[in-house]
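This briefing goes through one protein model by topic. Please have the sequence and the coordinates open while reading.

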Amino acid sequence: MKYQLKLPNQTIGIEFCHTFGKRLLGFMFQRKRITTGKCFPNCRSIHTCFMFQKIDIIVCDKDMRILKLKKEFPIYHILFPIQGAYYILELPLGSIDSLKVGNFIHLEK
């Protein structure tokens, strides 16, 4: 099921990655410019191996409160586990410019 993340400057379609395959692949091997996002529930860390472009990352707790923001996270890097993290969102570049740690985000159907 698709969700939407409404930000002050844009709305981004979000796909939840629940299955092993979706969690494993994420945006790996995608050459087209990333324009949507992926949400990984029950996740504390990610990697960007085998990706062809940088992404923006939001790390949230169970209440969707932002714990960490990573702008332009480079390819072939690891975001090590973050205490209290539950959701990690991988987003297109420039998506998180208006957000701050401590803000809450809301995903709508």
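Predicted model: local features only at pLDDT ≥ 70, side-chain atom pairs only at ≥ 80, totals over all residues.

Residues are numbered from 1 along each chain as its sequence is written, and side-chain values use heavy atoms, with hydrogens and water left out. The protein chain has one helix and nine strands; helices (H or I, at least four residues) and strands (E, at least two) are DSSP runs, numbered from the N terminus.

**Overall fold**

- Read from the N terminus, the elements follow the order β-β-α-β-β-β-β-β-β-β.
- The radius of gyration of the protein chain is 13 Å, close to the 13 Å from the globule rule for 109 residues, so the chain is as compact as a globular protein of that length. The radius is taken over C-alpha atoms, and the rule is 2.2 Å times the number of residues to the power 0.38.
- Along the principal axes, the C-alpha atoms fill a box of roughly 30 × 30 × 25 Å.
- Of the 109 residues in the chain, 42% are buried. Buried means under 20% relative accessible area, exposed over 50%, and partly exposed in between (1.4 Å probe, protein chains only).

- Seven strands form an open sheet in the order 6-5-8-3-2-1-9, with mixed pairing. Two strands pair if DSSP finds at least two bridges between them.
- Strand 6 (66-73) and strand 9 (107-108) are the edges; each has a single partner strand, so one side of each lacks a neighbour in the sheet.
- Strand 1 (residues 2-7) and strand 2 (residues 10-16) are antiparallel and share six bridges. A hairpin of two residues connects strand 1 to strand 2, and Lys6 has Thr11 in strand 2 as its bridge partner.
- Strand 2 and strand 3 (residues 37-41) run parallel, joined by three bridges. Here Glu15 is bridged to Lys38 in strand 3.
- Strand 3 and strand 8 are antiparallel, with four bridges, and Phe40 stands opposite Ile88 in strand 8.
- Strand 5 and strand 8 are also antiparallel, with five bridges. Val59 has Ile88 of strand 8 as its bridge partner.

**Buried strand and nonpolar cores**

- Strand 8 (residues 87-91) has five of its five residues buried, so the strand is largely enclosed by the rest of the structure.
- Tyr87, Leu89 and Leu91 point one way from strand 8, while Ile88 and Glu90 point the other way; all are buried.
- In soluble globular proteins, nonpolar side chains tend to be buried together.
- The largest nonpolar core has 18 residues, and those with the most contacts inside it are Leu5, Ile14, Ile58, Leu89 and Ile105. At least two residues of this core come from each of strand 1, strand 2, strand 5 and strand 8.
- A second, separate core has 16 residues, among them Met28, Phe40, Ile82 and Ala85.
- A nonpolar core is a set of buried Ala, Val, Leu, Ile, Met, Phe, Trp, Tyr and Cys residues joined through side-chain atoms within 4.5 Å.

**Backbone angles**

- Most residues other than glycine have a negative phi.
- Phe29 is not a glycine, yet has a positive phi of about 70°. Phe29 lies in the loop between helix 1 and strand 3 and, at 49% relative accessibility, counts as partly exposed.
- Phe50, also not a glycine, has a positive phi of about 65°. Phe50 sits in the loop between strand 4 and strand 5 (55-60) and is partly exposed at 42% relative accessibility.

**Largest pocket**

- The largest pocket holds about 170 Å³ of space. On a 1 Å grid over the protein atoms alone, a pocket is an open set of points where a 1.4 Å probe fits, with protein on both sides within 12 Å along at least five of seven lines; lining residues have an atom within 4 Å of a point. Grid points are joined across faces, edges and corners, and the volume is the space filled by probe spheres set on the points.
- The pocket is lined by 13 residues, and Arg23, Leu24, Phe40, Ile46 and His47 are the closest to its centre.
- Helix 1 (20-25) and strand 4 (46-47) are the elements that give two or more residues to the lining. Helix 1 provides the largest share, three residues.
- The lining residues are eight nonpolar, three polar and two charged. Ala, Val, Leu, Ile, Met, Phe, Trp, Tyr, Cys and Pro count as nonpolar, Asp, Glu, Lys and Arg as charged, and the others, Gly among them, as polar.
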